[in-house]
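Hello,

Here is the model I promised to pass on. Have a look at it first, and then read my notes below.

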Amino acid sequence: MSVDKDTVNKIARLSRIAISDAEADKMVGELNGILAWVEQLGEVDVTGVEPMTAVIANKLRLRDDVVTDGDVREKVLANAPAREGSFFGVPKVIE
Amino acid sequence: MSEYRIQGNTGEWEVVIGLEVHAQVTSNAKLFSGASAAFGGEPNSHVSLVDAAMPGMLPVPNRECLRQAVRTGMAINAQINRWSRFDRKNYFYADLPQGYQISQLYHPIVGEGEIEVTLNEKDPDSPTKRIGIERIHVEQDAGKLMHDQHPTMSFVDLNRSGVALMEIVSRPDMSSPQEAGAYLKKLRSILRYVGSCDGNMEQGSMRADVNVSVRKPGGELGTRTETKNVNSIRFMMQAIEYEAQRQVDLIEGGGAVVQETRLFDPNKMETRSMRSKEDAHDYRYFPDPDLLPVELDDAFLEECRASLPELPDAKRKRYEEMGLTAYNAAVLTAEAETAFWFEDLLGHGVDAKQGSNWLMSELFGALNKLGKSLDESPVNPAQAAELLGLVADGTISGSIAKQVFEIMLETGQGAAAIVDERGLKQTNDTDAIEAEIAKIMAANEDKVAEYRSGKDKLFGFFVGQTMKAMQGKANPQVINDLLKKVLG
């Protein structure tokens, strides 16, 4: 598996990351290097082996249906780039 | 079930409809955090640091939300998947602070099921149709955006962010707006019986994405469009009608339907394209590494099954077996709250037939006039049972019961107290009744003669006059007997 420059540009767009043409060129090489490294795993025969979901055998923990959190508006909004009253403000998004 | 066809210039067209219903799970807390899931609240107050997607925050699933999805699955006879998993659906939008929605694409918690719908709930002979349900999965709701508060900014309220939703995906088994309407109504009724969703479409706790395509009868499936977030049954039916017609016009005019998302505008009664960007559907799903798979054990599943109430179809059948008409049984079971009210009434010793007739004519009539719903009824089942008990044991007549009921609605007094206070007890006093009958016969000699010469229908006139003279308080059976004797 490998990526070309179009794919890199597409991933960047989907991730809302602006990259220059030169950066994209550089990224093609880097990403293909990473992919090739991970692809070494393909050399292992995993026929009949169940996919692993956790390194340590563990069960999903569930919470009870009780309100234990929230009411922390000041904390939630503390790092907002643009706070408008009790709201986050973002550049107008409307189709 | 219904032959719905669109007449085009090139002949008839068939409509194919599938629905994706988003139903908010009834719970106290959110799907992955301990923040309140209650509707409303001050902006950004029902938000934890998990819901705001602060770095390092980890989701922990709410057991109740999974339980409600499983119970819903059981109610539609669906396959319950003991092993399911959460996936990330990646997209950027200002109402989604994580940058992905936690959902279940590959391994939903509930698999194939079905519900049976009828076009006319109230007609026992109306044909039925089974609508397949492909899956139910659990996912997070997004926050709310407000665009009209500021000239250049949109405002974000994350109170909804992370609230649990069930997405209930039907098969494309519906072929008319009426069928889709019947399906949504039935689904809503089941959710409310189960208690997994309040079904409140105005508040947005239930909304539908509507997939519509058209084809020549029996032909290949056409390209579909998806009309998003329709929040009433009526709007959904209008949207389908409009969208199907638009597609037929488009194809017959030489164009082609584009697979796209559309919006329904209830003011203009039309759908229009959301003109989404080309990459909008590239969600790059992958298993959420923050969450282990959901594994349900026997005890959990047994509790889910044991806690299911009697569902509308079964209840309806049982009511018919109790001697109710098919019509009454259908009306009383369509909504959970009606059925529960009715059963409460029976629990107070009221006869099923008497109770159902009274509920459907007197109580519904009164509530209608007052513009109130059943749960706002000024008279509760215990009070109603007191009134109906007085009729059943002959203390008051049916017509007096109507008066007493009206006084109950106005004053909130109990039935027995009203009857005592106002002397409305039915009388079996034959002397008093005979005296009134004698007066009426004297005043209507012509009618007496007519009756005696064979005009039997006038009997009712004498009964009415006597009852009126007795101010409704005479036992009708006694009046009948006495009149027969005197008139000969």
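Let me start with a helix pair: α13(B) and α14(B) cross in a left-handed way (left-handed if the near helix is turned anticlockwise from the far one by less than a right angle, right-handed if clockwise). Helices here are DSSP runs of H or I with at least four residues, strands are runs of E with at least two, and both are numbered from the N terminus.

Before going further, please note that this is a predicted model, in which local features need pLDDT of at least 70 and side-chain atom pairs count only at pLDDT 80 or more, while totals for chains, interfaces and linings use all residues. Residues are numbered from 1 along each chain as its sequence is written, and chains are lettered from A and ligands numbered from 1 in the order in which they are written.

Back to the helices. Helix α13 (residues 445–452) and helix α14 (residues 458–469) of chain B pack at an angle of about 140°, with their axes 9 Å apart; axes are lines fitted to C-alpha atoms, for helices over the stretch in contact, and angles run from 0 to 180 degrees between N-to-C directions. That angle makes α13(B) oblique to α14(B), because angles under 35 degrees count as roughly parallel, over 145 as roughly antiparallel, 65 to 115 as roughly perpendicular and the rest as oblique. On the α13(B) side, Lys447(B), Glu450(B) and Tyr451(B) meet Leu458(B), Phe459(B) and Phe461(B) of α14(B) (contact means C-beta atoms, placed from the backbone, within 7 Å). The residues of this contact divide into 4 nonpolar, no polar and 2 charged; Ala, Val, Leu, Ile, Met, Phe, Trp, Tyr, Cys and Pro count as nonpolar, Asp, Glu, Lys and Arg as charged, and the others, Gly among them, as polar.

Now to where the chains meet. An open sheet of 4 strands runs in the order β1(A)-β2(A)-β9(B)-β8(B), with antiparallel pairing (two strands pair if DSSP finds at least two bridges between them). Its edge strands, each pairing on one side only, are β1 (83–84) of chain A and β8 (144–146) of chain B. Between the chains, β2 (residues 87–91) of chain A and β9 (residues 153–157) of chain B are antiparallel and joined by 4 bridges. Gly89(A) is opposite Phe155(B), and Val90(A) has Ser154(B) as its bridge partner.

The contact involves 36 residues of chain A and 41 residues of chain B. On the chain B side, β9(B) gives the most, with 5 residues, and that side has 19 nonpolar, 14 polar and 8 charged residues by class.

Chain B also has an open sheet of its own: 3 strands in the order β5-β4-β15, paired antiparallel. Here β5 (100–103) and β15 (286–287) are the edge strands. Strand β4 (residues 87–90) pairs with β15(B) over 2 bridges, and Arg88(B) stands opposite Phe286(B).

Finally, the domains. Chain B is assigned domain 1 (5–300), domain 2 (310–421) and domain 3 (430–487), with bounds from an automatic or database domain assignment. The C-alpha centres of domain 1 and domain 2 of chain B lie 37 Å apart. Their contact takes 9 residues from domain 1 and 10 residues from domain 2, and helix α2 (residues 177–194) of chain B gives the most to the domain 1 side, with 4 residues.

Best wishes

Notes
Contact = placed C-beta atoms within 7 Å.
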